[in-house]
Amino acid sequence: MKKVLIINGSIRKQSTFGLLKVVESLLEGYDVDFINIKDYDIKPCIGCDSCIRKGNCYIDDDVEEILGKMNDADGIIIGSPVYLRHISGYLKVLIDRGCVWYHRSPLVGKPVFFITSTQVTGSKAAIRYLSDLSVQWGTINTGHISRNMFNLDNEVEERALDKFKYYLEEGNRKEYRPSFKQIIEFNTQKVLGVNIIPLDMQYWEEKGYADKPYFYDCRINVFKRLTGAAYYKLLTHFIVKNKS
Ligand SMILES: Cc1cc2nc3c(=O)[nH]c(=O)nc-3n(C[C@H](O)[C@H](O)[C@H](O)COP(=O)(O)O)c2cc1C
């Protein structure tokens with residue numbers, strides 16, 4: 001049975017929680033784990049870079065447990081209230097703690113789906129941030145639901161999760177068409193991955209990403225392929241020149 005992790009990024013169990021519960025009800029037949037991050041001890045990142053350079057974090061709290069759940073899930077649904085045109089600070093603190101995933105993402109190819117709730121404004125900016133995060137994680141962004149005080153109680157159509165469910169099947173990834181932004185981001189990570197940090201080099205080698213136009217086999221048109229390769233070459237030249 002495919003595993004889905006639902007993360008409520010609100011301190012409260014109200015609007016975001018309610019929406020996520022509706023979404024959960026559409027996931028019959030899946031192994032769903034619903035977590036409220038307020039139930040966990042989540043301390044802020046101290047910026048020591050140890051996770052990136054040494055592969056460990058010195059902070060003793062519950063973050064490893066949550067990141068482990070994200071790692072184990074086949075797909076992840078994240079909900080957040082909009083706080084001043086962004087996600088909640090508490091959720092952002094959790095995401096910052098997984099910053100090593102910019103270098104070595106265990107979430108590559110997993111579908112993600114986002115939910116935001118706001119009084120009136122800021123959903124677009126919060127969703128833009130979450131979409132960018134998905135690009136950095138190498139996940140498949142399968143859509144979002146944004147609600148405000150005027151439409152909070154509107155029905156959530158079952159088909160909203162169709163794409164999410166489709167990509168829970170790993171074999172369907174080959175049909176995915178990464179965006180231009182994803183190709184560029186992948187190649188940026190590849191340049192860093194094969195040139196700078198020893199742990200990254202080992203990981204990229206092990207995963208076999210270094211020889212690929214994207215993390216996994218999927219549908220990439222010639223234009224994106226060629227632009228990605230040219231960008232990679234240019235950035236490698238720049239990095240190598242500045243290293244020596
Ligand atoms: C710190 C803070 C910042 C907020 N910023 C905005 C905002 O920029 N625009 C807006 O329309 N609502 C804003 N809100 C309202 C929440 O987004 C809204 O009430 C949301 O539905 C709460 O979700 P929850 O019930 O899951 O906590 C803010 C609320 C808080 C507490």
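**Exercise 1. Work out which residues sit closest to the ligand and how the protein holds it.**

Start with the shell: 15 residues surround the ligand, and the closest are Ser10, Arg12, Thr16, Val82 and Val120 (near means a heavy atom within 4 Å). This is a predicted model, where local features need pLDDT of at least 70, side-chain atom pairs count only at pLDDT 80 or more, and totals for chains, interfaces and linings use all residues. Numbering runs from 1 along each chain as its sequence is written, and side-chain values use heavy atoms, with hydrogens and water left out.

Next, sort the shell by class: 5 nonpolar, 8 polar and 2 charged residues (Ala, Val, Leu, Ile, Met, Phe, Trp, Tyr, Cys and Pro are nonpolar, Asp, Glu, Lys and Arg charged, the others, Gly among them, polar).

Now the backbone. Ligand oxygen atoms lie 2.6 Å from a polar backbone atom of Val82 and 2.7 Å from one of Val120. For Thr121, a backbone N or O atom is 2.8 Å from a ligand oxygen. Finish with area: the ligand alone exposes 650 Å², and the protein buries 74% of that (Shrake-Rupley, 1.4 Å probe).

How values were computed:
Polar contact = N/O pair within 3.5 Å; in protein donor to acceptor, adjacent residues only side chain to side chain.
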